[in-house]
Amino acid sequence: MDQYRVIRQPLNTESSMKKIEDNNTLTFLVDVKANKNQIKQAVKKLYDVEAVKINTLIRPNGTKKAYVRLSADADALDIANRIGFI
């Protein structure tokens with residue numbers, strides 16, 4: 001599974017913006033079959049940042065959401081600007 005199939009799209013909600021500012025965490029919608037290691041590698045390839053921790057959950061509508069905690073040297077706000085959803 002390549003990185004473009006693993007990470008479907010960034011999620012831009014009010015709660016995800018709060019996580020970006022407070023916890024240095026980005027939120028993505030990911031493929032349901034992707035595991036945490038695949039998500040971590042895809043984030044590293046696409047955005048050139050190191051992910052410290054990945055939390056995933058499957059939403060009631062059947063999609064999978066991933067919270068990607070970035071390392072201290074990477075700023076989630078800068079990455080969100082580079083992605084283009086701020």
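Q: To begin, which residue just after H3 takes a positive phi?
A: That residue is aspartate 48, with a phi of about 55 degrees. Please bear in mind that this is a predicted model.

Q: How far apart are the end C-alpha atoms of helix H3?
A: They are 16 Å apart. Helix H3 covers residues 36–47, and its 12 residues at 1.5 Å a residue should span 16 Å, so the two values agree.

Q: Which residues of H3 are buried?
A: Ile39, Ala42, Val43 and Tyr47 are the buried residues of H3. Viewed down the helix axis, they fall within an arc of 100 degrees, so they line one face of H3.

Q: Why would residues three or four places apart point the same way?
A: An α-helix has 3.6 residues a turn, so positions with that spacing point the same way.

Q: And which exposed residues are on the face turned away from the buried side of H3?
A: Asn37, Gln41 and Lys45 are the exposed residues carried by that face.

Q: What covers the buried residues of H3?
A: The cover includes helices H1 (3–6) and H4 (76–83), together with strands E1 (7–10), E2 (25–30), E3 (51–58) and E4 (64–70). H3 lies across E1, E2, E3 and E4, and runs at about 125 degrees to E3.

Q: What does a side-chain oxygen of asparagine 35 reach at the start of H3?
A: It reaches to within 3.3 Å of the backbone nitrogen of asparagine 37.

Q: Moving to the sheet, in what order do the strands come?
A: The order is E1-E2-E4-E3, in an open sheet of 4 strands with antiparallel pairing. E1 and E3 are the edge strands, each pairing on one side only. From one strand to the next, the twist averages 30 degrees.

Q: Over how many bridges do E2 and E4 pair?
A: E2 and E4 pair over 6 bridges, in the antiparallel sense. Leucine 26, for example, has valine 68 in E4 as its bridge partner.

Q: Which strands does H4 lie across?
A: H4 lies across E1, E2 and E4, and its direction is at about 45 degrees to E2.

Q: Where is asparagine 24 found?
A: Asparagine 24 is in the loop between helix H2 (14–23) and E2.

Q: Is that asparagine 24 buried or exposed?
A: Asparagine 24 is buried, because its relative accessible area is 15% and the cut-off for buried is under 20%. Leaving out residues up to four places away in sequence, asparagine 24 touches several residues, including Lys19, Val68, Leu70 and Asp75.

Conventions
Residues are numbered from 1 along each chain as its sequence is written. This is a predicted model: local features need pLDDT of at least 70, side-chain atom pairs count only at pLDDT 80 or more; totals for chains, interfaces and linings use all residues. Side-chain values use heavy atoms; hydrogens and water are left out. Helices (H or I, at least four residues) and strands (E, at least two) are DSSP runs, numbered from the N terminus. The expected span of a helix is 1.5 Å times one less than its number of residues. Buried means under 20% relative accessible area, exposed over 50%, partly exposed in between (1.4 Å probe, protein chains only). The arc is that of the directions from the helix axis to the C-beta atoms. Contact means heavy atoms within 4.5 Å. A polar contact is a pair of N or O atoms within 3.5 Å; within protein, one must be able to donate a hydrogen and the other to accept it, and residues adjacent in sequence count only if both atoms are side-chain atoms. Two strands pair if DSSP finds at least two bridges between them. Axes are lines fitted to C-alpha atoms, for helices over the stretch in contact, and angles run from 0 to 180 degrees between N-to-C directions.
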